[in-house]
Amino acid sequence: MAANKKILLLPGDGIGPEVMRQVGRVVEWFDRRRIATFDVTEGLCGGAAYDKHGTPLTDETLAEAQRSDAVLFGAVGGPKWDNLPFNLKPERGLLRLRKEMDLFANLRPAMVFDPLIGASTLKPEVIQGLDIMILRELTGGVYFGEPRGITTLPDGSRRGVDTQVYTTAEIQRVARVGFELARKRKNRVTSVEKANVMHTGVLWREEVQKLHDAEYKDVELADMYADNCAMQLVRNPRQFDVIVTDNLFGDLLSDCAAMLTGSLGMLPSASLGAADSSGRRKALYEPVHGSAPDIAGKDLANPLASLLSFAMMLRYSFDMAEEAKLVENAVQAALKSGVRTSDILQPGTARVSTTVMGDTILRELEKLA
Ligand code: NAD
């Protein structure tokens with residue numbers, strides 16, 4: 001049996017606790033079946049932390065996250081906390097975690113499960129079997145570059161400025177994650193920028209190529225302009241394996257890729273930091289969706305994005321590719337059996353609760369293990 005792995009669960013607000021409860025059941029199942037043991041701690045984040053401690057993330061919870069091998073995050077926010085001052089808002093808890101853990105690499109897979117092929121707006125023949133990974137640089141670029149701001153000009157009109165800025169180190173560390181990911185997948189990286197019109201794009205292209213030539217010659221590398229990439233993603237998304245790109249283009253392209261799959265309730269993500277001397281990376285795994293206050297507390301939420309985030313944790317933090325596949329196969333089998341939460345309901349399928357979806361996953365895991 002694999003050694004203990006320290007994980008911190010931060011269920012958060014709204015549907016966060018409901019979907020994380022189902023992840024907790026799968027964690028217990030792994031333990032019971034003696035496949036892997038996890039040393040699990042649970043903490044508060046977001047509105048739940050504010051209600052108890054007056055802050056969306058305490059220093060103690062942050063320290064616990066830093067000590068953990070991986071953080072599994074639910075979702076934060078809701079109308080109850082909408083009028084709090086900016087720095088006390090639930091979302092600040094998540095942003096602080098990302099910043100303090102220096103999570104610079106955001107992984108957003110877009111995978112199409114056969115039974116959900118009808119949920120996409122694209123033709124089945126375009127997306128069948130789709131499995132791509134968008135890797136977005138998360139802590140640099142135009143969202144953080146200085147100078148930034150809005151100034152008033154002498155004639156009374158105003159001027160807004162944002163600055164796109166990247167350094168060799170920032171580009172190479174995210175590109176490195178991309179090449180490493182590709183080696184565990186189909187061994188193909190597409191590096192995306194606008195080298196035709198942006199200096200940061202030229203630098204991006206050159207630095208990625210340099211790293212490739214020095215250390216990753218075995219990985220296939222292609223360059224693509226971001227506007228073309230947006231087009232290619234809806235024209236023929238299966239041409240891609242790993243797409244590595246900057247913060248701004250990654251923001252847009254990952255949402256575009258996400259919608260190829262059709263449903264918010266199915267989308268996992270991971271955010272990784274730099275590797276330490278033992279190769280361990282700080283890591284936070286979370287569903288892409290928010291806290292869905294409209295359905296919170298009703299046992300209606302789809303827990304599959306959170307379960308797939310747990311599968312990503314197994315694969316990327318613990319090198320447990322086989323076990324990750326087991327969870328993904330259980331999701332596929334549950335969908336194939338015809339059960340659906342209401343967000344992915346289709347004609348001829350049965351609407352089930354969050355808990356029953358969790359029951360079905362456990363049953364499928366038993367069959368597959
Ligand atoms: P949302 O993702 O919470 O919900 C959008 C719509 O999708 C809603 O109709 C919701 O019911 C549905 N939905 C989302 N996840 C679902 C699931 N797992 N199963 C079934 N249906 C699901 O986005 P929103 O409504 O814009 O935001 C609600 C709150 O969540 C806000 O306070 C926002 O700030 C916060 N938020 C948090 C995160 C995060 O924690 N990472 C991300 C986005 C939004």
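A salt bridge here is a side-chain nitrogen of Lys or Arg within 4 Å of a carboxyl oxygen of Asp or Glu. The model to which this criterion is applied is a predicted one. In general, side chains of opposite charge can pair when their charged atoms come close. The structure holds 24 salt bridges. One of them joins the side chains of Arg98 and Glu286, with an N to O distance of 3.0 Å. Arg98 belongs to helix H4 and Glu286 to strand S12 (residues 281-287), so this pair ties together parts that are 188 residues apart in sequence.

The ligand comes next. Around the ligand there are 21 residues, and the closest are Glu91, Gly290, Ala292, Asp294 and Asn302. A polar backbone atom of Gly290 is 2.7 Å from an oxygen atom of the ligand. For Ala292, a polar backbone atom is again involved, at 2.8 Å from a ligand oxygen. Asp294 contributes through its side chain, where a polar atom lies 2.9 Å from an oxygen atom of the ligand. On its own the ligand has 800 Å² of accessible area, and the protein covers 67% of this. Strand S3 (70-75) and helix H4 (90-100) are the elements that give two or more residues to the shell around the ligand. Sorted by class, that shell consists of 10 nonpolar, seven polar and four charged residues.

Which element gives the most to the lining of the largest pocket? Helix H4 does, with seven residues. The largest pocket holds about 460 Å³ of space. Its lining has 18 residues, of which Leu95, Arg96, Arg98, Lys99 and Phe144 are the closest to the pocket centre. By class, the lining divides into seven nonpolar, five polar and six charged residues.

Two features of the backbone remain. The peptide bond from Glu146 to Pro147 is cis, with omega near -5°. Pro147 sits in the loop between strand S5 (131-137) and strand S6 (149-152). The other feature concerns Asp299, which has a positive phi of about 60° although it is not a glycine. Asp299 is found in the loop between S12 and helix H10 (304-316).

Methods
Residues numbered from 1 in each chain as written. Predicted model: local features only at pLDDT ≥ 70, side-chain atom pairs only at ≥ 80, totals over all residues. Heavy atoms only, no water. Near = heavy atom within 4 Å. Polar contact = N/O pair within 3.5 Å; in protein donor to acceptor, adjacent residues only side chain to side chain. Areas by Shrake-Rupley, 256 points an atom, 1.4 Å probe, with all protein chains shown as cover. Helix = DSSP H or I, 4+ residues; strand = E, 2+ residues; numbered from the N terminus. Nonpolar A, V, L, I, M, F, W, Y, C, P; charged D, E, K, R; others polar. 1 Å grid on protein atoms, 1.4 Å probe; cavity = no way out; pocket = protein on both sides within 12 Å on 5 of 7 lines; lining within 4 Å. Points joined across faces, edges and corners; volume = space filled by probe spheres on them.
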